[in-house]
Amino acid sequence: MNKETLKKLYTIFILFLSVIWGGIILIYGFVFWFILYIINLLTRKLPIDAKDFNGPYTYTYKIIENRELKLDIYYPKTKKIYPVIFFTHGGGWVSGFRNQKNNVSWCEFLASKGFAVVSIDYRLGISHTMNEILSDYTDALNYIKKNSKELLLDKNNIVLMGLSAGGHLTLLYYAYYTFVKNEKNIEGIKGIVAYYTPSNLRHLFDKNVKSVFAKVATAATLKAFPTPTEEGKFLYYSPIFWINENMKPVLLVHGKKDKTVPFSSSVELLKKLKEKGVQTKILVHKNGDHAFEFENRDIQTIRILHETIKFIRSLVENEN
């Protein structure tokens, strides 16, 4: 029995009890469901356990507004200079943190495969702008480049990777700076890995998108709704608007049944990347919802994880 069926049965059960004992059951039922949801959110992880890694080692990359913004670095077992995966967590720009269990499981898995993994925190859109979030992303990346020798990082072999909103930041940063040909900011970047990424922010408000969270989080971060007067802002912060022929290879990963970021987002992005001649690959989980790799422990998920490693290895030089 899958989780969707269990949710429906639980809802029917609570409604049935509320008819017998009154509306208070609805309140208790919702509270219980919310507690289970938070527990699942904070404890879910990849279906593959990693062992051969060291870390995390924590560094402060920036101090702003009396707050320290930190990053964690995970290494393989042996000490030498490693190619880098610059990892950015999701959470709709308004939630999430680098040492959340799901993000940690990703970093441990990647490090066990021979990469140094840098996982960053950034200010959240509930009280900050998209520009401020992007400035944190840029400063974290510049920090590891500047200190690459001491941190045992190969600054000439960097792959940018992000999940959901983190994938959006990853794609937007790289697409924009390749579009304007800012050589300094894209130096050393070999490619992109973007998991279930919103490429066109306007589409998160389409009628077929069922996620209220996606709409609220986007509006909160952009401080706007996709009205005719604000359309320019939504275009400006949409990675698909900046896709260009100067980009290095891109891997897109998406679940076909994603109810938060529609699968069509990656399909549209794939088409645009190919139109511009960018080397692109897409991996699809046929039954996957949003963040499917933390929920589905099936062979499709395992295959996608290994294909992701294979893609990254094809990008970096001197990777042992």
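N200 touches S238, I240, S265 and E268, leaving aside residues up to four places away in sequence. In this predicted model, N200 has its place in the loop between β6 (189-195) and α8 (212-222). The relative accessibility of N200 is 5%, and because buried means under 20%, N200 counts as buried.

- The 8 strands form an open sheet with mixed pairing, and their order is β1-β2-β4-β3-β5-β6-β7-β8.
- The edges are taken by β1 (54-64) and β8 (280-285), each of which has a single partner strand, so one side of each is left without a neighbour in the sheet.
- Direction ignored, neighbouring strands of this sheet are turned by 20° against each other on average.
- Strands of a sheet pair through backbone hydrogen bonds, and this pairing is either parallel or antiparallel.
- Between strand β5 (residues 153-163) and β6 the pairing is in the parallel sense, and it extends over 6 bridges.
- L160 stands opposite I192, a residue in β6.

**Helices across the strands**

- Helix α6, made up of residues 165-179, lies across β3 (82-88), β5 and β6, and it runs at about 130° to β5.
- Helix α12, made up of residues 299-315, lies across β3, β5, β6, β7 (250-255) and β8, and it runs at about 165° to β8.

- E65 lies in the loop between β1 and β2 (67-75), and its phi is near 55°, which is a positive value in a residue other than glycine.
- With a relative accessibility of 49%, E65 counts as partly exposed, because exposed means over 50%.
- N66 is also found in the loop between β1 and β2, and its phi is near 60°, again a positive value in a residue other than glycine.
- At 84% relative accessibility N66 counts as exposed, whereas N200, at 5%, counts as buried.

Terms used
Residues are numbered from 1 along each chain as its sequence is written. This is a predicted model: local features need pLDDT of at least 70, side-chain atom pairs count only at pLDDT 80 or more; totals for chains, interfaces and linings use all residues. Side-chain values use heavy atoms; hydrogens and water are left out. Helices (H or I, at least four residues) and strands (E, at least two) are DSSP runs, numbered from the N terminus. Buried means under 20% relative accessible area, exposed over 50%, partly exposed in between (1.4 Å probe, protein chains only). Contact means heavy atoms within 4.5 Å. Two strands pair if DSSP finds at least two bridges between them. Axes are lines fitted to C-alpha atoms, for helices over the stretch in contact, and angles run from 0 to 180 degrees between N-to-C directions.
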